[in-house]
Amino acid sequence: MENHDIELTICMGSSCFSRGNKKTLQLIQDYLKETGRLQQVTFRGSHCFGQCEHGPMLRINDTQYNQVTEANVINILDQFFESR
Ligand code: FES
């Protein structure tokens, strides 16, 4: 397994943060830990992506996800990892 070959960036700009990414951040961290993927992923927060109207935003490698919520983030992660 390659180390840190996946870049996962969560928007920590004030709009996304206040609309859910504060909690989504924790869910992603828990997910990576529970699925043993911490070594595969570089997980970081970012300033505003400049697309607040589509937020809360999440980026995995070159793919941007809009309207990420506590309810759909695990599905997004599962689908991404299953497609690899
Ligand atoms: S705060 Fe996330 S896109 Fe602006």
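Residues are numbered from 1 along each chain as its sequence is written. Because the model is predicted, local features need pLDDT of at least 70 and side-chain atom pairs count only at pLDDT 80 or more, while totals for chains, interfaces and linings use all residues.

## Overall fold

The chain contains two helices and four strands. Here helices (H or I, at least four residues) and strands (E, at least two) are DSSP runs, numbered from the N terminus. Read from the N terminus, the elements follow the order β-α-β-β-β-α. The radius of gyration is 12 Å, close to the 12 Å that the globule rule gives for 84 residues, so the chain is as compact as a globular protein of that length. The radius of gyration is taken over C-alpha atoms, and the globule rule is 2.2 Å times the number of residues to the power 0.38. Along the principal axes, the C-alpha atoms fill a box of roughly 35 × 20 × 20 Å.

Two residues are in contact if their C-beta atoms, placed from the backbone, lie within 7 Å. Among contacts with a separation of 6 or more, 69% join residues 24 or more positions apart.

## Burial and the core

A residue is buried if 20 or more other C-beta atoms lie within 10 Å of its own, exposed if 12 or fewer, and partly exposed in between; the C-beta atoms are placed from the backbone. Of the 84 residues of the chain, 19% count as buried.

In soluble globular proteins, nonpolar side chains tend to be buried together. A nonpolar core is a set of buried Ala, Val, Leu, Ile, Met, Phe, Trp, Tyr and Cys residues joined through C-beta atoms within 7 Å. The largest such core in this chain has 11 residues: Ile10, Cys11, Cys16, Leu25, Ile28, Phe49, Met57, Leu58, Val68, Val73 and Leu77. Strand 1 (6-11), helix 1 (14-34) and helix 2 each supply at least two residues of this core. Helix 1 gives the most, with three residues.

## Helix 1

Helix 1 has 21 residues and spans 28 Å from its first C-alpha to its last, close to the 30 Å expected at 1.5 Å a residue. The expected span is 1.5 Å times one less than the number of residues in the helix. At Gly20, helix 1 bends by about 70 degrees, where the bend is the angle between axes fitted to the seven residues ending there and the seven starting there.

The buried residues of helix 1 include Cys16, Asn21, Thr24, Leu25 and Ile28. An α-helix has 3.6 residues a turn, so residues three or four places apart point the same way. The buried residues of helix 1 pack against strand 1, strand 2 and helix 2. Leaving out residues up to four places away in sequence, Cys16 touches Cys11, Asn21, Cys52, Gly55, Pro56 and Met57. After helix 1 comes Gly36, with a positive phi near 70 degrees.

## Residues compared by surroundings

| Residue | C-beta neighbours within 10 Å | Class |
|---|---|---|
| Leu8 | 18 | partly exposed |
| Lys23 | 13 | partly exposed |
| Gln67 | 12 | exposed |

Leu8 is placed in strand 1. Beyond its neighbours up to four places away in sequence, Leu8 touches Ile28, Val41, Thr42, Phe43 and Ile60. Leu8 and Thr63 are 55 residues apart along the chain, and their C-alpha atoms are separated by 9.6 Å.

Lys23 belongs to helix 1. The C-alpha atoms of Lys23 and Leu77, 54 residues apart along the chain, are separated by 15 Å.

Glu70 lies in the loop between strand 4 (63-65) and helix 2 (73-82). Apart from its neighbours within four places in sequence, Glu70 is in contact with Gly20, Lys23, Thr24 and Leu27. Glu70 and Leu25 are 45 residues apart in sequence and 9.3 Å apart in space, C-alpha to C-alpha.

## Backbone features in the loops

The peptide bond from Gly55 to Pro56 is cis, with omega near 0 degrees. Pro56 is found in the loop between strand 2 (41-46) and strand 3 (58-60).

Asn61 is not a glycine, yet its phi is positive, at about 50 degrees. Asn61 sits in the loop between strand 3 and strand 4. Gln67, likewise not a glycine, has a positive phi of about 50 degrees. Its place is in the loop between strand 4 and helix 2.
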